[in-house]
Amino acid sequence: MIGNDLVEFYTAALQSNWQRRGFLEKLFSETEQSLILNSEFPQQKLWLLWAMKEASYKAHQRRFNLPRSFNPRQFTCEIIQIENNSVSGKVKIQDFSYHTQSDLGEKYLHCIATLFRQQKIVQKISSNSTQLKLEFILAVSAFKKIEIEKIHLKKGPDFIPYLSSDGLAIDCDFSLSHHGNFSAFVLSLTPC
Amino acid sequence: MSDKELLERLKNIVTPYVQNKEGLENFDENTDFLNDLKINSANLVDVVLDVEDAFDIEIDNNSMADMLRVLDAKKIIQLKLAGK
């Protein structure tokens, strides 16, 4: 299972006042809060941990068909390694855990959560959401050997997007994300 | 507090975070914060904090987990007000 999350720094700074009373406490554990507050770049660290939680939440929710829930504190983050602008991490929820791989860009950060460490994926980030959707359908078409015109992106009863072809759901592990000016998709090439 | 009054106060609280302003025109108990109003998930915490301040209540993590629709928020607020 796969999940992803994208945070555009500019939009995040406009939308959220992370220094308001209670903000960090509602989202992060004490350990995570001190990681953020002791960081040289607290906002970057905050959104990194947030994206790790969100991406893992998406993977976890799809894996077990869970109803929606806003429970970020149940997902606890651990940063394993930071190399240049790439951060590998681990997120735990109850007895389950997910691997996360995050890329810190100049304008945004993007995190992918997977069940397995070496999961084969296709991913793309773009400021053109229409173009990105098209490229996503193309990637699915190539992977699943289904004609592009037959692939439709839909939303399920629990608002989780899914793909269908000829009225049937396509068995496909993917995740979409959008924030501010950027959109992203990740598609797992490992059979689900 | 009447249901109508509660919903009105709730509407005022969420308005600054709403990205789909059209969703506010049909604001009722079935309105979904994420899907109808397109509130960014990180801003859900602001909604929770603003509700705490406006109604002088404390929303624990379990209650926060369920606050995804207007109806959920209304129930939680009423429950917490009753327990004051």
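How many of the seven residues of strand 5 (residues 108-114) of chain A are buried? Keep the question open while setting up the view.

This is a predicted model, in which local features need pLDDT of at least 70, side-chain atom pairs count only at pLDDT 80 or more, and totals for chains, interfaces and linings use all residues. Residues are numbered from 1 along each chain as its sequence is written, while chains are lettered from A and ligands numbered from 1 in the order in which they are written.

**Stop 1: chain A**

Select chain A, which has five helices and eleven strands; helices (H or I, at least four residues) and strands (E, at least two) are DSSP runs numbered from the N terminus. The radius of gyration of chain A, 17 Å, is close to the 16 Å that the globule rule gives for 192 residues, so chain A is as compact as a globular protein of that length. The radius is taken over C-alpha atoms, and the rule is 2.2 Å times the number of residues to the power 0.38. Along the principal axes, the C-alpha atoms of chain A fill a box of roughly 50 × 35 × 30 Å.

**Stop 2: strand 5**

Select 108-114 in chain A. Seven of the seven residues of strand 5 are buried, so this strand is largely enclosed by the rest of the structure. Buried means that 20 or more other C-beta atoms, placed from the backbone, lie within 10 Å of the residue's own. One side carries A:Tyr108, A:His110, A:Ile112 and A:Thr114, the other A:Leu109, A:Cys111 and A:Ala113. In a regular strand the side chains alternate between the two faces of the sheet.

A:Leu6 has A:His110 as its bridge partner in strand 5.

Strands 4 and 5 of chain A form a hairpin with three residues between them, and A:Leu104 stands opposite A:Leu109.

**Stop 3: the 7-8-9 sheet**

Move to the open three-stranded antiparallel sheet of chain A, with order 7-8-9. Strand 7 (152-155) and strand 9 (168-169) of chain A are its edges, each pairing on one side only. Strand 8 (residues 161-165) of chain A is joined to strand 9 by two bridges; A:Ser164 has A:Ala169 as its partner.

**Stop 4: chain B against chain A**

Show both chains: 14 residues of chain B are in contact (C-beta atoms, placed from the backbone, within 7 Å) with 15 residues of chain A. Helix 2 (44-55) and helix 3 (61-65) of chain B each give two or more residues to the chain B side.

Technical notes. Two residues are in contact if their C-beta atoms, placed from the backbone, lie within 7 Å. Two strands pair if DSSP finds at least two bridges between them. A residue is buried if 20 or more other C-beta atoms lie within 10 Å of its own, exposed if 12 or fewer, and partly exposed in between; C-beta atoms are placed from the backbone.
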